[in-house]
Structure formats: structure tokens, C-alpha cells
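Subject: Model for your review, with notes on helix packing

Dear colleague,

I am handing over the model below, and my notes on its helix packing follow.

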Amino acid sequence: MSDPLLLALAVVAIIFFASFTQSVVGFGTAMVGMPLMVGVLGIAISAPLVAMVGLTLEVVMVLNYRQSVSLAVMWRLIAAAVVGIPLGIYAVRRIDEETVLTVLGVVIAGYAIYGLLRLRLPELRSQLWAYGAGFLSGILGGAYNTAGPPVVIYGHCKRWPPEEFRGNLQGFFLVIDVLVVANHAILGNVTPEVWRTYLIALAPLLLGFVIGTRLATRINPDLYSRIVLVMLVILGVRLIL
């Protein structure tokens, strides 16, 4: 896309949609923004840009849902993820990416379809599951920037209410994205062009957050749960394809 105006409009539209999605269901910035942005800006700019946009949105959402964040749950998820991230970075060079992503996609989509069919979903009661979910999220985040699915599934199985679900996810993603953005900065990926595009993205990011947050308060818990499961199906299919 060579026209600067069209490029800027595409960035605005993508960031708004990604921010709106995450503000409604609690996750989705990378899932929505990354594949669309790569087609417009390429991977070199999109990877650090989407990470920076996600980090900014998560700061805003954590502040908005700060009373719903459960520190007793979050520290376990985060501690396990910090251990898993370097293992994911190390492992990605030694395993077949396509195979791993396909298996992950089948598991996620299968779980979500199971829930959409209104079969009885397992409820996780032990806090030990938080370590497993966080560790797996760290590995996937370090390897493929897909830290969300294990924690999303964990929160769904813990029966977190919508506001707690959104708040806990943002607290978790905030820490993960700090590490990702720091890594991009150390590697020199946060270029002046990335910064310029990031500044363009701030207005649609905040607009998507405001509209999405207001809509989220009008969704009943059962509908919200089904929206999350549909998002998981989409994520799983994307990983398979």
C-alpha cells in the first residue's frame, strides 16, 4: 500500500477493531491486529507495533478493571509464565512450528466447540492449575507470541465473572507484553517508523476501548461466555490454517 493516507486509514481501522474486540471480550488485540497489520505494514513493523499497542491497551484496561483483578490468582500465572517464556524462545528453534501450532489449534477449537454445544465444561478448583496454565502460556508466548489461549481457557474453567475475566487477563497480558516490548527494544526493532505508526494508532485505540467497554457492560454473562468460546474457535482455526 503506497498511498500514505490509505495506509494511515488502514492502520486506524485495524487498531480500532483490535482494541474494540479486546475491550469487549478481554483478549484479541494480537489475534485480530497481527494478521491484518502484517498485510499492510509487513512483519518487521507489525510485530513491535502490535506489541506496543497491546501493552498500551492493557495498561488502560488494568486501570479500568483494577478492582476486579485477583492478585491471589495472577501471581501464580505470572510467575509460571516468566519461567516458561525463555524455554519457549529456546524451544522454537528446535521443534517443528507448524506441528505445534496445529495441535494447539485443534485443542483450543475442540474445547470451545465442546462448550458451545453446551456440554458440561470442567470446573478447575485447585490453584495448582494456575501454574500449569501460566507456564504453558509463557512457553507459547516466548515461542509464537500466542500466550493467551491457556490463560483464557483457565479463566473460563474457573468460572470467572466477566469483569474479573477481563481484569485478570489484562493483568497477565500486561506483564507478558512488557517482556515482549523490552525484547523488541533490545533487538532494535522499535524503529522511528514504528514510533510514528504507534502515535497514529493511539486515537483509534482509545476510541475502540471506550466503545467496547461500554458495550461490554450490556452483555449478560451467558452471552459473554459464548462470545469467548466463539473467539476461541476462531483462534484455534487460525492456528490450524
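Contact here means heavy atoms within 4.5 Å, and helices are DSSP runs of H or I with at least four residues, numbered from the N terminus. Please keep in mind that this is a predicted model, in which local features need pLDDT of at least 70 and side-chain atom pairs count only at pLDDT 80 or more, while totals for chains, interfaces and linings use all residues. Residues are numbered from 1 along each chain as its sequence is written, and side-chain values use heavy atoms, with hydrogens and water left out.

In the contact of α7 with α8, G148, V151, V152, G155 and H156 of α7 meet F165, L169, F172 and F173 of α8. By class, this contact has six nonpolar, three polar and no charged residues, where Ala, Val, Leu, Ile, Met, Phe, Trp, Tyr, Cys and Pro count as nonpolar, Asp, Glu, Lys and Arg as charged, and the others, Gly among them, as polar. Helix α7 (residues 148–157) and helix α8 (residues 162–186) have axes 11 Å apart and pack at an angle of about 150 degrees, which makes α7 roughly antiparallel to α8 (the term applies to angles over 145 degrees). Axes are lines fitted to C-alpha atoms, for helices over the stretch in contact, with angles running from 0 to 180 degrees between N-to-C directions.

For helix α2 (residues 29–41) and helix α3 (residues 43–64), the axes come within 9 Å and cross at roughly 150 degrees, so α2 is roughly antiparallel to α3. Among the residues making this contact are G33, M37 and L41 of α2 and L49, V53 and L57 of α3, and the contact residues divide into 12 nonpolar, four polar and no charged.

Best regards

Key: Helices (H or I, at least four residues) and strands (E, at least two) are DSSP runs, numbered from the N terminus. Angles under 35 degrees count as roughly parallel, over 145 as roughly antiparallel, 65 to 115 as roughly perpendicular and the rest as oblique.
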